[in-house]
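Colleague: I would like to learn how to read a few features in a model of this kind. Please take them one at a time.

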Amino acid sequence: MSKDSDITTPQGKFRAEPDTLLQCAIDCYWQEDAEGRCISLSRLRDSDGLRELDQRLPGCTMEQAGLRLTGDPESQAAYQCARTHKTTFHNVHFHQPSSPGRQLRTFEISGTPCRTNGQFLGYDCVARDITTQRENARHLERFRAAIDLSMDMIFLVDPETLRFIDFNQRACEVNELSREQLLQQGPEELLGIGPEELKKRYAQLMSTGGSSRIERSVQTQDGDERLVEVHSRAARIDEQWIIIGISRDITGRKQAEKEAIRLQHMLSALSDTNEAILRSNSIPHLFDNVCKAVVKGGRFSIASILELRESDQTLQSVARAGRDIALNDEAHLSIRADDVHGQGIAGKAWRSRKPVIRNEYRADPDSQPWQSLLEKYDIRSGAAFPLFQRGEIVALLLFYASETGVFDEEIKRLLVSMVENVSYALDSFASDEERRHAEKLIRESEARFRSLTHLSSDFFWEMDSQLKFRKYEGPVRGESNRRAVAQVPGSRIWDLSWLTPDSMSWEQLQKLLRTRQTFRDFEFSFRNDQDELYHFALSGEPMFDDDGQFAGYRGISRDITEKKQIARHIEHLATHDALTGLPNRVMFSEILNHAIRSADRYPEQRFAVLFIDLDRFKLVNDNYGHHVGDELLRHVAMRLRQPLRESDVLARLGGDEFVLLLQRIDSSDTAMSIANNILALFETPILLHGRECDISASIGISLYGEDAHDESSLMRHADAAMYAAKDQGRNNAQLYAIDVHYRTRERAEMESELRHALDRNELSLEYQAKLDLHSDRICGVEALLRWSSPALGQVSPDRFIPVAEESGLILKIGEWVLQNACQQMLEWEALGIEDLQLAVNLSARQFNDPELGEKIYQVLQATGFPAQRLELEITESTVMRNPERSMVVMADLRRTGIRIAMDDFGTGYSSLGQLRDYPLDTLKIDRRFVSELSWNREDQAISRAIITMGKTLDLTVVAEGVEFPDQLSILREHGCDQIQGFHFHRPQAGEHFPDFHRQHQS
């Protein structure tokens, strides 16, 4: 557009020399003619994207210039409608494909039609480059998604109104409130803190710029009490103070801490008991010290030891400790089974010689004689443990607690150990010999007690206030590891040079420790002097003395070596072939792209890709079974690795296809020489189960920098060269060269002709009928695509479908097929041919199209053809490329009423278990199992198995390629549901089908 030209708008004209206001509103504007071609363009701002648009758009339509319509379906439809009716469109988003190394640009375009005397002249269009805004929006969306995935509640509070400004999804979930409900509240409702206290806290945060941490008990919607930890910090955003808070439910952690303290107290009581045993010089002294040690632990309110008075078979207290020891004088206890006072825990324990425990003591019916005492002295749990001397019961050790549920399994084990030690001590008083023996057992028991500190972890550790280890205890396996652990006490963890931090750096850990923060699962690893690698996870919390002074850290350490090994194994399975252990397609793609980047940076690092395909491998599977074929592939993988250098990479792509990346290849001669060496590996037969297996390979070679410069081209050219090697008789190697290029050019010519086939009406459909073997009536048709090219003649679908698939033309052609087939079915219906099922093939490219469902829906809407009469045929190999995604796509299609058929069944790798999970309606037996059905017993067995499998899964089974009467007879005998093939009906054009249908049905 010249500077003197004007743009006509509904409001008048504006100057091509824009004023300041126009520059603020748009980045460029242009005029289009009636055909949509840009006839002039002016840029109001300079940028890479606008310059590229200036270069592409003049003389072209927006589509020809590469501008791709994007946005939601509703805005796209509105734009298409405006273009069709030549009306104004507003703020439509388009993508501009980026040049190599440049950013993908997004434009917001508006346009208004120009008319003179009612004649449509074209459009005046304006555009804004909104790439930055869109990118910022995506960044915000990603950041918001990350915040919403947090397991902590994150919220923003207005310190003036004390109301929430924003919060993450977790906050709604925890409080069981909608976003609207939560916005009407503030932290005072959720935390139970008054507004004055909140304002005071927030004012301090705003004035100091620091952070605060509080713990509060809150009540959930269900009435449960939960403990939360809230961290708050003030931030000034857009000239406004905002309080940022993170709330974390620490109920579980506090309960674990409480439990750990309880266990620690019990362990302390055990230690005191052991000490009492060692320093006691008599049994009364022993009993007295044991009772004091039990109560000192803080878990039990009363402890007493009872002995039997033989005269009346009652139990008398001989030692006691606790806050209400008068209980022992008031309680009447007997060991007689016929006495009501002998039915309590003491009497039962004496008679059974086993511990008797009641965690709900007051609820025990046998405790009725002592109910008033239990209430008076607030006793809710009780236990009686027999004490033995030389195998005979001599006393009872009683424990009482004011809480219910005190005696869990851990406490039981500890008390059993305690009672055993006391019994050992009793035995020791019988003789000096027994005392020495008892002391030995006590020391062993102490070792057991020490191991109980590791009930929740492998190691227990403590640091002093200088952050040096003073204790690191736990099971250590191997002398090498013991030498390493011996170096820990007296050292800081980051001073141990043989440790390597994994989950965070030493500096980050030091920051946590200096700020006295609790930390969890800090991962580190070490390799001992025997080169064995171990992984550990460290968790700890700060300790403070009675004056509140920092005293160090304590915590636990877990051996996570096995967990890491499992994770590495899972990662290996995801990137390596399970059969051969070689890298798989995904891993090889990453390696190849890395090699491309290196070669781009360092030209001397040229490389070659060798595509290796085994010759006639299918015969091995057919003759000997897949288990032999799998073993052959493992042997082949081992042979292929033999001549390779350390830098070369061998991968298995699937089936009998291998690919080899040869690093630092200076010429094609070198690559060919290596390929010939590989072929020589197969001159010696492979011995499998006593049989010699002769196998050869065909190799295609593509050189980076000479044949291709990207992954796709390298692999495609190597694959083409491999097929050229097959054409040369197999067992040879071929470079990607001029003859291969010639065949590629022939394929390109076919692609070029195919691009115009639709516009030139060269494509057509034929229909092949399906016969229902139960009713002998026509039940449906399959639409078959045909191409008659003036330049190429009648082209077989086997030739042009792969070309359409690879080029992407299959998407447009597939829509045409579906549209015309549905329309044809409705035309037949008008002639009285009703209720026929229509089968249409889906290629792999169509099946993987993200817009597949929407396109099918649009065709069905446009034609009015019912979804229930449409059956989409998908090959087994297509489904097996990505089973998980395939299940989702097929399930989405079936929800609309469309039927799904698995075509060519029996040629892929799906199992019965997988087949059961697929949302299928029909199985189609591949024609290769039908062609020799008359005489080949193996094919008869396979077809019978497929039919039986289909029946088991309630599927319709269809056999295709039926050409002879005896094939039909066998299929009837096996219970096949439907057939199609030349024996019944040869494909024919749509206008001829009604006559055939009429003749057959009559």
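Modeller: What follows covers a helix, a loop residue, aromatic pairs and charges over rings. This is a predicted model, in which local features need pLDDT of at least 70 and side-chain atom pairs count only at pLDDT 80 or more, while totals for chains, interfaces and linings use all residues. Residues are numbered from 1 along each chain as its sequence is written, and side-chain values use heavy atoms, with hydrogens and water left out.

Colleague: Which residues of helix H22 are buried?

Modeller: Helices (H or I, at least four residues) and strands (E, at least two) are DSSP runs, numbered from the N terminus. Buried means under 20% relative accessible area, exposed over 50%, and partly exposed in between (1.4 Å probe, protein chains only). In H22 the buried residues are Ser668, Ala671, Met672, Ala675, Ile678, Leu679 and Leu681. Seen down the axis of H22, they fall within an arc of 160°, so they line one face of the helix; the arc is that of the directions from the helix axis to the C-beta atoms.

Colleague: What covers the buried residues of H22?

Modeller: Contact means heavy atoms within 4.5 Å. The cover includes strands S25 (607-614), S27 (657-663), S30 (697-703) and S31 (733-735), along with helix H21 (626-641).

Colleague: Where is Asp921 found, and is it buried or exposed?

Modeller: Asp921 is in the loop between helix H31 (912-917) and strand S38 (922-925). Asp921 is buried, at a relative accessible area of 13%. A polar contact is a pair of N or O atoms within 3.5 Å; within protein, one must be able to donate a hydrogen and the other to accept it, and residues adjacent in sequence count only if both atoms are side-chain atoms. The side chain of Asp921 makes such a contact with the side chain of Arg894 (2.9 Å).

Colleague: How many aromatic pairs are found in the whole structure?

Modeller: Rings of Phe, Tyr and Trp (its six-membered ring) pair if their centres lie within 6.5 Å; planes under 30 degrees apart count as stacked, over 60 as edge-to-face and the rest as tilted. The search finds 28 aromatic pairs. One of them is Tyr361 with Tyr400, stacked at 6.4 Å centre to centre with 15° between the planes. Tyr361 is buried, with a relative accessible area of 5%, and Tyr400 is buried at 7%.

Colleague: Which ring does the charged end of Arg516 sit over?

Modeller: A charge sits over a ring if NZ of Lys or CZ of Arg is within 6 Å of the ring centre and within 35 degrees of the ring normal. Arg516 has its charged end over the ring of Phe550, 3.7 Å from its centre. Lys86 lies over the face of Phe120, at 5.3 Å from the ring centre.
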